[in-house]
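Hello,

Here is the structure for your files. My notes follow below it.

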Amino acid sequence: MTTLRTAWNRILSALDTFGASLEAARAVRAHRRPTDASLNQLGIRRDSFPTHLSS
């Protein structure tokens with residue numbers, strides 16, 4: 001029974017690692033996506049609003 005449990009734990013660990021790598025890949029892809037693309041899809045020009053608040 002312990003051999004089966006050890007094998008099961010290794011499979012679950014591998015699946016967790018695989019899932020974490022997929023999440024990391026999604027985060028990198030989202031980070032590289034330009035903000036202008038999503039604003040452009042909404043019909044908003046990036047230069048139509050200030051990016052910094054003046055005091």
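Glutamate 23 counts as partly exposed because its relative accessibility is 48%; arginine 26 falls in that class at 46% relative accessibility. Here buried means under 20% relative accessible area, exposed over 50%, and partly exposed in between (1.4 Å probe, protein chains only). The two side chains, of glutamate 23 and arginine 26, meet in a salt bridge at 2.7 Å, N to O. A salt bridge is a side-chain nitrogen of Lys or Arg within 4 Å of a carboxyl oxygen of Asp or Glu. Glutamate 23 and arginine 26 are three residues apart in helix α1, so about one helical turn separates them. One salt bridge is found in the whole structure.

This is a predicted model: local features need pLDDT of at least 70 and side-chain atom pairs pLDDT 80 or more, while totals for chains, interfaces and linings use all residues. Residues are numbered from 1 along each chain as its sequence is written, and side-chain values use heavy atoms, without hydrogens and water.

The protein chain has two helices and zero strands (DSSP runs numbered from the N terminus: helices are H or I, at least four residues; strands are E, at least two). Of its 55 residues, 2% count as buried.

Leucine 15 lies in helix α1, residues 2-32, and counts as exposed because its relative accessibility is 52%. With Trp8, Ile11 and Leu12, Leu15 forms a nonpolar surface patch (residues with over 30% relative accessible area and no salt bridge; nonpolar side chains are joined within 5 Å, like charges within 9 Å).

Regards

Conventions. Areas by Shrake-Rupley, 256 points an atom, 1.4 Å probe, with all protein chains shown as cover.
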